[in-house]
Each structure stands twice: as structure tokens, then as C-alpha cells.
Amino acid sequence: MATYPTLSAGIGHTPLLRLRHASEATGCEILAKAEFLNPGGSIKDRTALGLLDDAERQGLVRPGATLVEGTAGNTGIGLSLLGNSRGYQTVIVMPETQSREKIDALRAAGADVRLVPAVPWTDPNHYAATARLIADELNAVVPGSAWFANQFDNLANRQWHEDHTGAEIWEQTGGTIDGFACASGTGGTIAGVGRALKARREGIVIALADPAGSALASYVTTGEAKAEGSSITEGIGNARLTANFLDAPIDLAWSIPDTESIPEIHALLRQEGYCVGLSSGVNIAGAVRLARHLGPGHTVVTALCDSGMRYQAKLFNPAFLREKGIAVPDWLAAAFPG
């Protein structure tokens with residue numbers, strides 16, 4: 001039995017779960033990394049650890065410093081918990097449109113949460129720009145007192161996933177993997193995992209599952225970053241090309257509508273017992289598309305990024321789902337009538 005002496009040591013090494021119904025429907029083995037089992041409840045624990053470890057190695061974070069980040073929530077949760085375990089304070093800036101469950105989790109972890117309006121990346125009031133400004137202001141008063149994590153453009157994000165997440169997937173599949181599909185927010189996961197897998201076998205297919213309203217699938221398929229539609233997902237999709245995403249070795253890309261991804265989440269919960277979040281639905285839909293593209297007999301891997309309980313007011317709210325034109329399964333309608 002493994003014993004982990006610190007929170008950091010418990011991050012990663014998540015199991016691969018066979019998605020039974022997706023596998024049977026496609027004739028492939030569709031496997032998913034259970035990232036909701038990380039200590040902070042999401043794949044972003046890996047990102048937070050990679051960023052912080054790199055900063056500490058470089059001497060960018062001194063004892064008692066304040067960690068500052070702009071995030072849709074999960075990276076902030078990971079940083080806050082790591083900060084608690086290592087003696088740092090944390091200031092988290094996030095759009096006010098993000099789920100109440102994630103905001104509450106951050107506050108419960110002791111983070112100083114600053115909510116800002118959801119605006120385009122080019123707006124100087126964007127949450128990432130606001131986080132950078134806060135760090136600069138703290139450092140102007142006490143030099144070296146704050147560190148801005150910069151998850152979108154700090155390549156330590158991608159490198160951590162290349163060194164760890166991608167390596168784990170290769171080892172867990174015994175090198176039999178044929179394809180990997182997932183969404184992109186910062187680009188760290190798909191770029192890092194893609195680089196790790198292709199370094200081991202170039203023919204492994206890397207596919208981007210992009211939520212509607214994001215411009216990344218358009219960029220991969222046409223060379224033009226053009227966004228169409230909208231999505232209720234959080235923390236994935238982008239209107240710009242981040243440093244982590246720029247040279248990601250992506251072979252295929254699809255835009256996934258909510259009407260395809262959300263039913264995958266409901267079905268997985270009801271049929272196999274896994275309660276996963278919004279980005280996981282996009283990932284599963286992408287993995288199914290990739291499996292059908294490759295044909296029966298292949299092995300496809302994706303990630304279940306966090307828990308569905310972080311989006312309870314959206315995922316399990318029949319009135320909200322109907323308002324967004326998303327099918328409500330009978331069992332959910334019966335559980336929450338009205």
C-alpha cells in the first residue's frame with residue numbers, strides 16, 4: 001500500500017477506467033484517466049503542481065509568498081490547496097459566470113477570491129490580465145512577495161503533462177494506445193500528452209475535442225481561429241492560441257455541441273456510476289468520434305477531468321438544461337420535478 005507524505009505526492013498516478021458503453025458502441029477500447037481522483041478533485045492539480053514546482057526550482061517563489069492566478073476555478077483550487085500545504089497565501093481571480101460550487105470550494109480552501117465580469121481575452125479587465133496586475137501591485141509594495149502562475153502561457157504547464165500525464169498513459173496502456181482525444185483550455189494537457197505519446201510512437205493520433213463557441217477546432221482544421229455557437233462548459237475552449245497550445249501535435253479536431261456532450265455525462269452516471277463534469281462530456285464525445293474515425297479494434301484514451309458535483313446547478317438542473325435546448329433524461333426529470 002502506497003503512503004504519500006504530502007499533498008503533492010498524491011497528485012497524478014490516476015487509474016485508467018474502461019468506459020464500457022462507449023467501448024461497446026464503437027468496437028474500440030475507450031479508456032479514461034480518472035482525474036477527479038486527484039486531491040483537489042481535478043486534472044488541474046497536475047497543472048498547479050507543475051507550475052509551482054517549476055517556480056520554486058527557479059527561485060521565483062519565496063517562503064510565505066502570495067500565489068496569484070486567473071482561472072475558471074480548478075487550477076485555482078489546486079494552487080490554493082498546494083499553497084496551504086507549503087505555507088503560501090493565494091489570490092484567485094475568476095469570471096463571475098463560473099459555477100458557484102467552484103467558487104465555494106476556493107473560499108473554503110482559504111483563497112482570496114476576486115470575481116470579475118466575463119470579458120474577451122483582449123479586454124484589459126480579463127481575469128488573467130487582472131491576476132497579473134494584482135501580482136504586479138503586490139510586488140510593487142513588497143518586491144518578490146507575489147508570483148503570477150500564468151497557466152495559459154507558462155510552458156511548465158505543458159512540460160508537466162508531457163513528463164507525467166503522457167508518460168502515465170503510455171505505461172498504463174503498455175504502449176498499445178492508438179489515439180488520444182481531449183479538449184483544450186490552456187493547451188497544457190493536449191500539447192503535453194500529445195508530445196509525450198508521439199515521442200514514443202509518431203503514429204498515435206491526437207484529436208482535439210473543442211466545445212462549441214471556441215475557435216481552436218477551426219484553427220486546427222482551417223488555419224483560421226473562428227468561433228461559432230456557444231456552450232455551457234467551463235474552463236475549456238479558447239478564442240486565442242496560447243503558448244502551451246501553439247505547437248501542440250494535433251492531427252484532428254472537432255467542434256462538439258452541448259447537445260452531444262451533456263448526454264454523454266448523464267449516460268455515464270446512470271449506466272456506469274461515474275459522476276463527471278462538463279469538460280469530461282466533451283472529452284468522451286471526442287473519444288467516441290476518434291474511435292469511429294480509427295475503426296474497431298483500436299485503443300483510445302481521454303480524461304475525466306473533474307466531478308459533476310462542481311456543476312450541479314447546471315448539469316442536474318432540468319429547467320436550466322431545457323432552457324439551453326439540452327435533452328433531459330427521464331430519471332433526472334423525475335428526480336427534480338418542476
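Which residue forms a salt bridge with Asp 251, and how many Å apart are the closest N and O atoms? The legends below begin with that pair; the model shown is predicted.

**Figure 1. Salt bridge between Lys 198 and Asp 251.** Lys 198 is the partner of Asp 251, and the closest N and O atoms of the two residues are 3.0 Å apart. The pair links distant parts of the chain, with Lys 198 in helix 7 (residues 188-200) and Asp 251 in the loop between helix 8 and strand 9, 53 residues apart. Lys 198 counts as buried, at 10% relative accessibility. Asp 251, by contrast, is partly exposed, with a relative accessible area of 39%.

**Figure 2. Salt bridge between Lys 102 and Glu 234.** The two side chains meet with an N to O distance of 2.8 Å. Because Lys 102 belongs to helix 4 (residues 100-108) and Glu 234 to the loop between helix 8 (216-222) and strand 9 (252-256), the pair ties together parts that are 132 residues apart in sequence. Lys 102 counts as buried at 1% relative accessibility. Glu 234 is buried as well, with a relative accessible area of 6%.

**Figure 3. Salt bridge between Glu 29 and Arg 18.** Here the N to O distance between the side chains is 2.9 Å. Glu 29 lies in strand 2 (residues 29-34) and Arg 18 in strand 1 (residues 16-18), so this contact ties together parts that are 11 residues apart in sequence. Glu 29 is partly exposed, its relative accessible area being 32%. Arg 18 is also partly exposed, with a value of 37%.

**Figure 4. Network of salt bridges involving Lys 33, Glu 35, Arg 46 and Glu 168.** Salt bridges link these four side chains into a network. For the model as a whole, the count comes to 20 salt bridges. Side chains of opposite charge can pair when their charged atoms come close.

**Figure 5. Aromatic cluster of Trp 121, Tyr 127 and Phe 152.** These three residues form one aromatic cluster, and the count for the model comes to 2 aromatic pairs. The ring centres of Trp 121 and Phe 152 are 5.5 Å apart and the ring planes meet at 65°; planes over 60 degrees apart count as edge-to-face, so the pair is assigned to that class. Trp 121 is placed in the loop between strand 5 (112-116) and helix 5 (127-141), and Phe 152 in the loop between strand 6 (146-148) and helix 6 (156-172), so the pair ties together parts that are 31 residues apart in sequence. Trp 121 counts as partly exposed at 31% relative accessibility, whereas Phe 152 is buried, with a relative accessible area of 8%.

**Figure 6. Charged end of Arg 240 over the ring of Trp 121.** The charged end of Arg 240 is 3.5 Å from the centre of the Trp 121 ring. Trp 121 is also a member of the aromatic cluster with Tyr 127 and Phe 152.

Figure 7. When its neighbours within four places in sequence are left aside, Ser 261 is in contact with Ile 256, Gly 281 and Val 282.

Notes
Residues are numbered from 1 along each chain as its sequence is written. This is a predicted model: local features need pLDDT of at least 70, side-chain atom pairs count only at pLDDT 80 or more; totals for chains, interfaces and linings use all residues. Side-chain values use heavy atoms; hydrogens and water are left out. Helices (H or I, at least four residues) and strands (E, at least two) are DSSP runs, numbered from the N terminus. Buried means under 20% relative accessible area, exposed over 50%, partly exposed in between (1.4 Å probe, protein chains only). Rings of Phe, Tyr and Trp (its six-membered ring) pair if their centres lie within 6.5 Å; planes under 30 degrees apart count as stacked, over 60 as edge-to-face and the rest as tilted. A charge sits over a ring if NZ of Lys or CZ of Arg is within 6 Å of the ring centre and within 35 degrees of the ring normal. Contact means heavy atoms within 4.5 Å.
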